[in-house]
Amino acid sequence: MADIPSDAPQHCPGTASEQAGKTSACQGCPNQNLCSSGATKAPDPAIEEIAEKMLTVKHKILVLSGKGGVGKSTFSAHLAHALASDATKEVALLDVDICGPSIPRIMGLEGEQVHQSGSGWSPVYVEDNLAVMSIGFLLSSPDDAVIWRGPKKNGMIKQFLRDVDWGELDYLIVDTPPGTSDEHLSIVQYLSSARIDGAVIITTPQEVSLQDVRKEIRFCQKVQLPIIGVVENMSGFVCPKCKNTSQIFPPTTGGAERMCEEMNLTLLGRVPLDPRIGKSCDEGKSFLTEVPDSPAAAAYHSIVQSIQAYCLSHVPREESAG
Amino acid sequence: MEENNEGGNLAQVQHVVLILSGKGGVGKSTLTTELALALRHSGKKVGILDVDLCGPSIPRMLSVGKPEVHQCDLGWVPVYTDAQKSLALMSIGFLLEDPDEAVVWRGPKKTALIGQFVSDVAWGELDVLLVDTPPGTSDEHLAVLENLKKQHKVDGAILITTPQAVSTGDVRREITFCKKTGLRILGIVENMSGFVCPHCSECSNIFSKGGGEELAKLTGSVYLGSVPLDPLLTTSIEEGKDFIQTFPDSATFSAINSIAQTLLTSIQNP
């Protein structure tokens, strides 16, 4: 951890100080518990180990939202499928939603288990060039609940980043749970010496979502995580019978478009509601392959192209500040 | 002031019900709000405790804006949605200076605040306290349950799901959480259960069909009922309006009310 982290309060004594976590200035600082535990006096060796591991990963993309149920996992899975449709690219999807790991089901990998070898944990392969890791693979039953407090979740995320044998990757996509808590802080902290290309923020049109998503955007700004752009999901529903559009989740405050204007972000695209998307996810199939001619598939493809263009045009200098 | 605080701030709360899901975005906050309004509509005094620290949605849904939260001798005074004090609310949303400010806290800090929320809100007399939670099975859920159990019996939990397997898959884990922590499952509600096109009345199963009922059967839980996807409800929630007042004859209200009445019967006759 940096000596004075970017989210530290004024009068931070410094994370390596004897007083770390203990002064009155430390009250309310998100790092207080970590500092007062003494863990920050020595840098977490895992951060450098992870940076080393990530040298073979060209692009790292986080998929975030403040809000639950907006389609992060659905989007992460289909982003992975779309990127892997180019057989020359190596793609991996890491699911750090410890309590609600949806990725195994969405990728058609329910019941798969993780294997250990000399070089670490082997991820599960959907295709030759598409690997997946999730805590779902470590659970023996679909009823198993992961009832862990923050520190244990953080430990798991550290292991996922450090101990999984990812190999050489063009893209590592990280699917996250909703919120701005342990999992999000940990991912950013553990990848702090490796470069994250940026975050894709998922929302639905209504203010109830946007109000949480703005917080997530603030979080990204606080931890200096670049934002590739915003995807507005569940953006209108076209009735298959009469073809009229209904706004089931109405953009009462202007939707993602207005939010992006106000916050100076890129709106990557809008994906309409399509019952076949949910069905594909339930069946563990790629919607892009199942219903390739749908408006939703077209929207996905356009968004994926924008993300690829961003990653390729924001290549860092050799000596990255990290 | 007579304030009898023997037994703590929950002493005069008759029933406490948690609203849980393993899954995000299934409508926990929406249904907490609507069930609270339905219970109030049937003459009950209701409170809502919103322990979703990262995404507190209830203040907007009840159109209470950004009121100042006051302290009294017994602790924080909840925010009332009306002069008759028939619906009380406490949410971390009220304590944030800036509504766009992210609460970027790790587990231990969340646990500490929830402990305070549970014991230091001066609820007074309530028939039912509904506790809205974030998705998952982590710090917030453990904290709220541990602290409630110290103060008061918890009647149980309602679990919300949407029909599709990706949702019920997470809710199964929440059911395990309930069993492991000894929390009685009052029943399962299936939300977003079909969409009736307002133009032609064709029903589309946008988020699949039947999952809630199947889950109830699979896990031996009570199926409380289903609530359809209704743009009138989502708009109402967005604007913080009382859906029940505006659309008392809708099928959606009828579904919600039926669930509220079943819930009431179940907690009054355990």
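**View 1. Salt bridges between chain A and chain B.** In this predicted model, 3 salt bridges are counted between chain A and chain B. Asp182(A) pairs with Arg106(B) in a salt bridge whose closest N and O atoms lie 3.6 Å apart.

View 2. Two or more residues each are given to the side of chain A that touches chain B by helix 4 (103–106), helix 5 (150–163), helix 6 (182–190), helix 7 (207–222), strand 11 (245–246) and helix 9 (275–283) of chain A. Helix 7 of chain A supplies the largest share, 9 residues. By class, this side of chain A comprises 26 nonpolar, 22 polar and 15 charged residues.

**View 3. Extent of the contact.** Chain A contributes 63 residues to the contact and chain B contributes 60 residues. About 5,100 Å² is buried between chain A and chain B, with carbon and sulfur atoms giving 55% of this area. Within chain A, the most area is lost to chain B by Ile147(A), Arg149(A) and Lys215(A), which together account for 13% of what that side buries.

**View 4. Nonpolar cores.** The largest nonpolar core has 94 residues, and Phe75(A), Phe160(A) and Ile307(A) have the most contacts inside it. Helix 11 (residues 295–313) of chain A gives the most to this core, namely 9 residues. Beyond its neighbours within four places in sequence, Ile307(A) contacts Ile61(A), Phe75(A), Leu79(A), Val200(A), Ile228(A) and Leu268(A). Another core, of 80 residues, lies apart from the largest one and includes Val118(B), Trp123(B), Leu129(B) and Ile267(B).

Technical notes:
Residues are numbered from 1 along each chain as its sequence is written. Chains are lettered from A and ligands numbered from 1 in the order in which they are written. This is a predicted model: local features need pLDDT of at least 70, side-chain atom pairs count only at pLDDT 80 or more; totals for chains, interfaces and linings use all residues. Side-chain values use heavy atoms; hydrogens and water are left out. Contact means heavy atoms within 4.5 Å. Buried area is the accessible area (1.4 Å probe) that two parts lose on being put together, summed over both. A salt bridge is a side-chain nitrogen of Lys or Arg within 4 Å of a carboxyl oxygen of Asp or Glu. Helices (H or I, at least four residues) and strands (E, at least two) are DSSP runs, numbered from the N terminus. Ala, Val, Leu, Ile, Met, Phe, Trp, Tyr, Cys and Pro count as nonpolar, Asp, Glu, Lys and Arg as charged, and the others, Gly among them, as polar. A nonpolar core is a set of buried Ala, Val, Leu, Ile, Met, Phe, Trp, Tyr and Cys residues joined through side-chain atoms within 4.5 Å. Buried means under 20% relative accessible area, exposed over 50%, partly exposed in between (1.4 Å probe, protein chains only).
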